[in-house]
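User: Can you walk me through how to read a helix packing and a ring pair in a model like this one?

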Amino acid sequence: MTAVVREISVRAADEARAAGTTLIDVREQVEWDAGHIAGSLFIPRGVLAERIAAAVPDRDTPIVVYCRSGARSAIGTQQLQQLGYTNVVNMAGGILDWAANGLPIEAPATLTPAQQSRYSRHLLIPEVGTNGQAKLLDSKVLIVGAGGLGSPSALYLAAAGVGTLGIVDFDVVEASNLQRQVIHSTERLGHKKVDSARQTIEALNPDVRVITYDEMLLAGNVERLIAGYDVILDGTDTFETRYLLNDAAVIAGIPVVHASVFRFEGQLSTFVPYVGPCYRCLYPTPPPPELAPGCSVAGVLGVVPGIMGLLQANEVLKVVLGIGEPLVGRLLLFDALDGSFSELRLNRDPACPVCSDEAVAARERGAPLPLPVFADQPFALGALGGSMGGAR
């Protein structure tokens with residue numbers, strides 16, 4: 001027996017949307033790109049049956065289905081009813097009637113034909129699509145350190161179409177870097193790392209604007225360096241620099257994607273200010289330098305910073321696009337020797353001198369809490385059960 005398709009007017013659909021009802025657009029990509037109802041889900045009718053369970057797992061969720069004029073969405077409504085969805089209706093008249101009634105249509109994001117070709121595989125993903133790609137092109141990511149972690153991260157963020165990449169590094173390319181720092185090359189030995197990185201990125205993707213900072217990140221310049229960026233990718237290799245970056249990012253409200261490596265091991269977390277813990281919550285104090293040797297002393301398997309750097313890039317894309325579950329309040333541990341990943345839960349430190357409620361209140365009063373004072377020398381990044389650095 002054919003299910004009866006219930007219909008509602010565009011005005012009733014708008015009221016339902018305001019009340020939290022899920023709207024599903026079952027048109028094709030080109031139609032969605034030309035304009036759609038804000039907040040609606042995009043699932044073309046041809047793949048509705050296979051994608052709806054992931055998009056709307058609760059089959060009692062109120063759903064309004066729409067298309068151009070109401071014909072395809074009527075078929076889509078019937079499909080959902082046959083799949084067990086109990087509260088689904090068709091929007092009569094479709095988006096044409098919606099527009100004729102003066103109801104708002106979200107302005108479409110625009111990509112050039114060249115960008116549509118370059119990012120075509122992103123455009124096929126509902127969680128990215130044209131709007132998501134436009135968001136990436138408009139985003140600004142700061143990479144601190146063009147070494148083992150920053151190299152693969154920068155390459156894949158550039159390939160993904162992140163519009164502005166800032167790169168901070170004061171070092172030059174050395175032969176010992178090339179075992180893992182894949183953004184550089186043999187003919188650039190002795191060149192500034194920021195210049196080498198920019199040259200590679202610009203050759204890979206002309207859409208990307210590269211801003212270079214040939215300087216060491218210090219207390220006197222950290223606020224200037226991070227200002228205006230949406231996300232920071234931490235590819236540094238000293239405790240001092242990590243603490244400086246963390247503290248400034250918390251105050252500025254900028255998420256930091258952190259990773260570190262040691263020999264065959266890596267770790268990764270995403271610090272979103274006041275949502276989860278910060279770096280000082282994870283490491284209130286650094287270990288003594290003799291317990292935390294850098295990779296120039298302890299060594300590192302070349303692919304490990306590559307793996308961790310790509311995972312950092314993945315976290316950055318999730319944060320920028322607002323999709324998935326970033327590693328907020330979670331520390332991901334990787335062991336290259338047995339190919340395993342494990343995860344630890346992290347909590348905010350209620351006594352953290354940077355991100356605790358007390359610390360925030362103290363800053364608002366103009367009397368910030370005192371921070372721990374460490375020895376006047378750099379420390380390689382420490383880790384659980386060992387030392388971790390940025391694989392410079």
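**Helix packing and ring pairs**

Analyst: Ala154, Leu155, Ala158 and Ala159 in H9 meet Thr200, Ile201 and Leu204 in H10, where contact means heavy atoms within 4.5 Å. Helices (H or I, at least four residues) and strands (E, at least two) are DSSP runs, numbered from the N terminus. This is a predicted model: local features need pLDDT of at least 70, side-chain atom pairs count only at 80 or more, and totals for chains, interfaces and linings use all residues. Residues are numbered from 1 along each chain as its sequence is written, and side-chain values use heavy atoms, leaving out hydrogens and water.

User: What angle do H9 and H10 pack at?

Analyst: Two packed helices are described by the angle between their axes and the distance between the axes. Here H9 (residues 150-160) and H10 (residues 193-204) pack at about 30 degrees, with axes 9 Å apart. So H9 is roughly parallel to H10 (angles under 35 degrees count as that).

User: And the rings: how many aromatic pairs are there?

Analyst: Rings of Phe, Tyr and Trp (its six-membered ring) pair if their centres lie within 6.5 Å; planes under 30 degrees apart count as stacked, over 60 as edge-to-face and the rest as tilted. That rule gives seven aromatic pairs. Trp32 and Phe42 have ring centres 5.0 Å apart and planes at 25 degrees, so they're stacked.

Notes. Axes are lines fitted to C-alpha atoms, for helices over the stretch in contact, and angles run from 0 to 180 degrees between N-to-C directions. Angles under 35 degrees count as roughly parallel, over 145 as roughly antiparallel, 65 to 115 as roughly perpendicular and the rest as oblique.
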